[in-house]
Amino acid sequence: MSSLDFFPASPGIPLSTLAEATGARLLEGVAGAAPVYRVAPLEAAGPGDLTFLENTAYAKFAAETGATACFISEKQASLLPARCTPLVSNEPYRAFAKAAALLFPAAGRPQSIFGMSGIAPGAFVHSEARLESGVTVDPGAVIGPGAEIGRGTVICAQAVIGPGVRIGRDGAVGAGATVTHALIGNRVILHPGVRIGQDGFGFAMGARGHLKVPQVGRVIIQDDVEIGANATVDRGANRDTVIGEGTKIDNLVQIGHNVEIGRHCVLVGQVGISGSTVLEDYVVVGGQAGIAGHLRIGMGAQIGAKSGVMGDLAAGGKYLGAPAKAARTFFREVAALAKLAQKGE
């Protein structure tokens, strides 16, 4: 089988251009005319490749790298061989991310599965939907009446956009995703299989059975949010479910009805958040953590993987365990239990 590269090498960008675009700098006397075409890890990079070093665990590979250039701190720049040009940055990984986006602009969000622009044959766009010029709609996608979609947004194959949904500019809705009862901002990325706006899990429980409570709220997703494949965001029951600006949500995350997530939060894979809980800005939640309903998680709190959050958490704290507690307390309990186990041997 012939080799197939889904992201072909860039035509090439000079190092001086990348330095200017990323806020990095070339060392004095170093020419910036050499181009790079690809990205690669430090230990596997060759001529024409761009790489980076930020985690000191990988410093052992620096001296042998074959890369043309490397984003690196000034302190570590001397580790590189003469054939590799340092691009000095205080944040090498962040600079690398910006450079990779310039080299591979199509890798940043879902693209047309059909490899086209405009409305494809086989797309179903209701006559009362309003699409700005520059919207791409793939075959099999369905856009309902009254939906509005801004220019530069891509609706991939088999995606469904419900009646009255609003989607801003330069966004993407991945293949097979569904969006209903939602207002979505600019530059929002919804990966394949995402479900936005379906019923929240609301029932009036009782001995005579569980009576369904109609879910009549919306989902509000602000600018620059990214939601990973097969994640779900339920619409509000009697108010809105809100995802704040710049928040990043991994694959397979469940967000219940009426949840409010602040700006620039990070939710890692398989997190579950129960209804009506509030996460303030800059909260980080590790993989498989579960958060009970009607709680408030303070600004900048960090919740470790597999934690079970059953009460409010203060701003800025680090929490682990089930039930979740301050990280220092958690580690003391683990150490104490280990000592008890040793005594029993």
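In the predicted model, Thr 136 has Val 154 of strand S13 as its bridge partner. The strands concerned are S10 and S13 (residues 154-155), which run parallel and are joined by two bridges. Both belong to an open sheet of 11 strands with mixed pairing, arranged in the order S10-S13-S16-S19-S24-S27-S30-S33-S36-S38-S39. The edges of this sheet are formed by strand S10 (136-137) and strand S39 (325-326), each of which pairs on one side only.

Several loops were examined for their backbone geometry. The loop between strand S38 (318-320) and S39 contains Pro 323, and the peptide bond that joins Ala 322 to Pro 323 is cis, with omega about 0 degrees. Most peptide bonds are trans, and most residues other than glycine have a negative phi. Asn 258 has a positive phi of about 70 degrees although it is not a glycine. Asn 258 sits in the loop between strand S28 (254-255) and strand S29 (260-261). With a relative accessibility of 5%, Asn 258 counts as buried, because buried means under 20%. A positive phi is also found at Gln 288, where the value is near 65 degrees in a residue other than glycine. Gln 288 is placed in the loop between strand S33 (284-285) and strand S34 (290-291). The relative accessible area of Gln 288 is 38%, so this residue is partly exposed.

A further open sheet consists of five strands in the order S2-S7-S6-S5-S4, and its pairing is mixed. Strand S2 (25-26) and S4 stand at the edges with a single partner strand each, so one side of each has no neighbour in the sheet. Four bridges connect S6 and strand S7 (residues 85-88), which pair in the parallel sense. Across this pairing, Ile 72 stands opposite Val 88 in S7. Helix H1 packs on the sheet and touches S2, S5, S6 and S7. The direction of H1 makes about 15 degrees with that of S7. Helix H2 also packs on the sheet, with contacts to S4, S5 and S6, and the direction of H2 makes about 155 degrees with that of S5.

The pairing of S7 with S2 is antiparallel and comprises two bridges. In S7, Leu 87 is the bridge partner of Leu 26. In a regular strand the side chains alternate between the two faces of the sheet. In S7, Thr 85 and Leu 87 point one way, whereas Pro 86 and Val 88 point the other way, and all are buried.

Turning to the helices, the buried residues of H1 are Leu 15, Leu 18, Ala 19 and Thr 22. These residues cover an arc of only 100 degrees around the axis, which puts them on the same side of H1. Just after H1, Gly 23 takes a positive phi of about 80 degrees.

Helix H2 comprises 12 residues (residues 92-103), which at 1.5 Å a residue should span 16 Å. The buried residues in H2 are Pro 92, Ala 95, Phe 96, Ala 99, Ala 100 and Leu 103. Seen down the axis of H2, the buried residues fall within an arc of 140 degrees, so they line one face of the helix. The elements against which these buried residues pack are strand S1 (13-14), helix H1 (15-22), strand S3 (35-36), strand S4 (38-39), strand S5 (49-52) and strand S6 (69-72).

Thr 51 is located in strand S5. The relative accessible area of Thr 51 is 0%, so this residue is buried. A polar atom of the Thr 51 side chain lies 2.9 Å from the backbone oxygen of Ala 40. Leaving out residues up to four places away in sequence, Thr 51 touches Ala 40, Pro 41, Leu 42, Ala 45, Thr 65, Ala 67, Ala 69, Cys 70, Phe 71 and Phe 96. One of these contacts, Phe 96, is itself among the buried residues of H2.

Conventions. Residues numbered from 1 in each chain as written. Heavy atoms only, no water. Expected span 1.5 Å × (residues − 1). Buried < 20%, exposed > 50% of the residue type's maximum accessible area, 1.4 Å probe, protein only. Arc of directions from axis to C-beta. Contact = heavy atoms within 4.5 Å. Polar contact = N/O pair within 3.5 Å; in protein donor to acceptor, adjacent residues only side chain to side chain. Pairing = 2+ DSSP bridges. Axes fitted to C-alpha atoms, helices over the stretch in contact; angles between N-to-C directions.
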